[in-house]
Amino acid sequence: MDEQNGNGKSAASGPGEALISMKNIWKTYQMGTEELHALRDVSFEVRRNEYLAIIGPSGSGKSTLMNLIGCLDSPTKGEYWINGNLVSDMSDDELARIRNKEIGFVFQTFNLLARATALHNVELPLIYAGMRAAERHDQALASLTAVELGDRVTHRPNELSGGQRQRVAIARALVNNPSILLADEPTGALDSKTSIEIMHLFEKLHSDGNTIILVTHEPEIAERAHRVITIRDGRIEKDERIK
Amino acid sequence: MKIATNQFYENLKMAFDTLRSNKLRSFLTIIGVVVGVITVMLISSIISGIGLAVEKQVKAFGTRSIFIYKQEIGIRFGRPSREERMRPDLTLDDALALRELSEVETSVPFLNVSSGFFGNRTIVSAGGKQTQNIQLSGTLPEIEKTETQVLIEGRWFTQSESDAKSDVCLIGDTVKDTFFPYKSAIGETIEINGREFRIIGQLQKKEQLVGGGGGNNDESNTIFLPFHAALRIKPNADDIFVLAIAKPGRLNEARDQIEDLLRVRREVKFGQKNNFSTATADSIIDQFKSITAGVALAMVVISSIGLMIGGIGVMNIMLVSVTERTREIGIRKAVGAKRSDILLQFLIEAGTLTGFGGLVGLGIGWILTLLISIVFPSYVPWWAPVGGFFASVGIGLIFGIWPAWKAARLDPIESLRYE
């Protein structure tokens, strides 16, 4: 482990070759006079091109963990490194930059902009990255084509099926070539046939070299990953490699 | 910088999308701004139009002209005071005395004989037509030297015609149109209260602000007669207006001399106010400007109120919009929007909304000023649309700050969960 480089500028700094490194993470909420520990001393690492599922019942702290991994929130205590960046101490704007560059979100309810076309939805992260229009258009189109929606670019979300919407969301998540693809119950709002399609897409993306973290409460979905972390009462209960 | 303009352009595009998808709401929101801008356009154009016309009209009297009358000259509100009405009349001798002053080139009286001996209106007729509302003015041959009337046909009357009280006259453009629309009036006779006058000259139409077309205020609806010939129409005529012409570049000196002389002649005691008034083109224009400045101030207040109400409407609708779009804000933050991005997005949206309102107001205001300009002199000064547009954008930016700041501060996790 090499940690001399505290500011986390390059991929070589930070702990080892791990893409994500969580060390003794605590997340505590103050509920009146009582302290509620959503995460207690959580530590784990994720390497490049891993396919990881985080599973746990509701209230186990897996949503809190997902928000931390996704840089939507900061831990109360502990260190969190992502791709060589120490994000646990970052300001809101720095976190926004990390979310833009390092993380691709896929949500249960898709979270697409209803009034925007598929293409514009996919372009969104590139707009905030400050990319020029022509380049942005090409890159978004390539990303949509990669999820086989190249012929649906001008459709709005309400003109697409659930599976197609989720694929737009995946295209959006991947358009910036993020370090990790972070999916929160990605099949939760889909029927079983479409769910299987989406899971196949994740497997393909994994085999293309993407790092995927899947948060779910369904064991059958988690089983498709190569590694499963089970979380309960804010602690890692099990961390097993299944493939 | 390129990235910044790029983002700005994106935000502008998004703002227009939002406006388009909420047409009715957007329209209702901007009504206040629209009305405010229309007010600015209309009032400023009318004020500027009147100002320009007044200037033109007064300048047409000549930059060396000094008007002298027993009552106050200029724009007045209400009836003259009792003191003013009781003032003694100016006389022919007053007008002649002014000619002796070193700074005065010439001066002429204008004797008003528009109404007859018993106060009845003077009747003018020719070629079977008859009218009562022509202004009749008795004057001296030196009127030619004042260069305040332009002769387009014929000649002025001579000193000998004036001395002989000859029955000759010059007619204004409107008088010609009334009696001799299709032929030259020179040499024709016109009957004034039963006396026949020979027409020897015709005058050019006068630039006029309001009241053209033959009414009492139409300056071209005038007949000029020799002073003493006019006195024969109305022997007791005493309503005299004097026009003096200063030597070139000596306007103020001439005015001082005139006032000093008239104070002596009219026996005004030391320390008392003049019992007559003098005016120059500039003094009338200045007087007009001080009045329009007051109107302009009232305009600023009225339109500010309109814009304020519009601004509060914008703030209200933006707050609703922020709440409605909480989830959108969460999504944007999740994919990398910074606080400043969200702030900018909503500010630009508010500015676009009111700026659009401003443009609508300018459009409607422009059409209205065009309509007004048909009946009334009006022109839109360049600063009115520019100021109106920037004020409306500014209103959006100012009243959009709070909603935009609220949006920027939303917590991404909470926002993504928002239903």
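Predicted model: local features only at pLDDT ≥ 70, side-chain atom pairs only at ≥ 80, totals over all residues.
Residues are numbered from 1 along each chain as its sequence is written, and chains are lettered from A and ligands numbered from 1 in the order in which they are written. Local features need pLDDT of at least 70, side-chain atom pairs count only at pLDDT 80 or more, and totals for chains, interfaces and linings use all residues, while side-chain values rest on heavy atoms, with hydrogens and water left out.

Chain B is divided into domain 1 (2-56 + 288-417) and domain 2 (88-275). These bounds come from an automatic or database domain assignment. The C-alpha centres of the two domains lie 55 Å apart.

Chain B and chain A are in contact (heavy atoms within 4.5 Å). Chain B contributes 27 residues to this contact and chain A contributes 26 residues. The area buried between the chains is about 2300 Å². Buried area is the accessible area (1.4 Å probe) that two parts lose on being put together, summed over both. Carbon and sulfur atoms give 54% of it. On the side of chain B, B:Ile331, B:Val335 and B:Ile413 supply 23% of the area buried against chain A, more than any other three residues.

The nonpolar cores were examined next. Such a core is a set of buried Ala, Val, Leu, Ile, Met, Phe, Trp, Tyr and Cys residues joined through side-chain atoms within 4.5 Å. Buried means under 20% relative accessible area, exposed over 50%, and partly exposed in between (1.4 Å probe, protein chains only). The largest core has 62 residues. B:Ile68, B:Ile190, B:Ile192, B:Ile223, B:Leu225 and B:Ile258 have the most contacts inside it. Strand S11 (residues 240-246) of chain B gives the largest share, six residues. Domain 1 and domain 2 of chain B both give residues to this core, so it lies between them. A second, separate core has 60 residues, including A:Leu39, A:Val46, B:Ala334 and B:Ile342.

Leaving aside residues up to four places away in sequence, B:Ile192 touches B:Thr122, B:Ile123, B:Val124, B:Leu136, B:Phe197, B:Ile223, B:Leu225 and B:Ile233. B:Cys169 is found in strand S7 (residues 168-171) of chain B. B:Cys169 counts as buried, at 0% relative accessibility. B:Ile200 lies 31 residues from B:Cys169 along the chain, yet their C-alpha atoms are separated by 6.0 Å.

Helices (H or I, at least four residues) and strands (E, at least two) are DSSP runs, numbered from the N terminus. Two strands pair if DSSP finds at least two bridges between them. In chain B, strand S5 (residues 135-139) is mostly covered, with four of its five residues buried. S5(B) pairs with strand S2 (residues 104-112) of chain B in the antiparallel sense over two bridges. Here B:Asn112 has B:Ser137 as its bridge partner. Five bridges join S5(B) to strand S10 (residues 222-226) of chain B, and this pair runs parallel. B:Leu136 stands opposite B:Ile223 in S10(B).

Chain A holds an open sheet of four strands, in the order S2-S1-S4-S5, with antiparallel pairing. Strand S2 (34-46) and strand S5 (85-86) are the edges, each pairing on one side only. S1(A) and S2(A) are joined by nine bridges. A:Ile20 stands opposite A:Val46 in S2(A). The two strands form a hairpin with two residues between them, and A:Gly32 in the turn has a positive phi of about 65°. Strand S4 (residues 77-82) pairs with S5(A) over two bridges, where A:Ile82 stands opposite A:Asn85. Helix H1 (residues 62-69) of chain A lies across strand S1 (20-31), S2 and S4, running at about 125° to S1(A). Axes are lines fitted to C-alpha atoms, for helices over the stretch in contact, and angles run from 0 to 180 degrees between N-to-C directions.

Strand S9 (residues 227-232) of chain A has five of its six residues buried, so it is largely enclosed by the rest of the structure. S9(A) pairs with strand S3 (residues 51-55) of chain A in the parallel sense over four bridges. S9(A) also pairs with strand S10 (residues 235-241) of chain A, antiparallel, over six bridges. In the hairpin of S9(A) and S10(A), A:Asp233 takes a positive phi near 55°.
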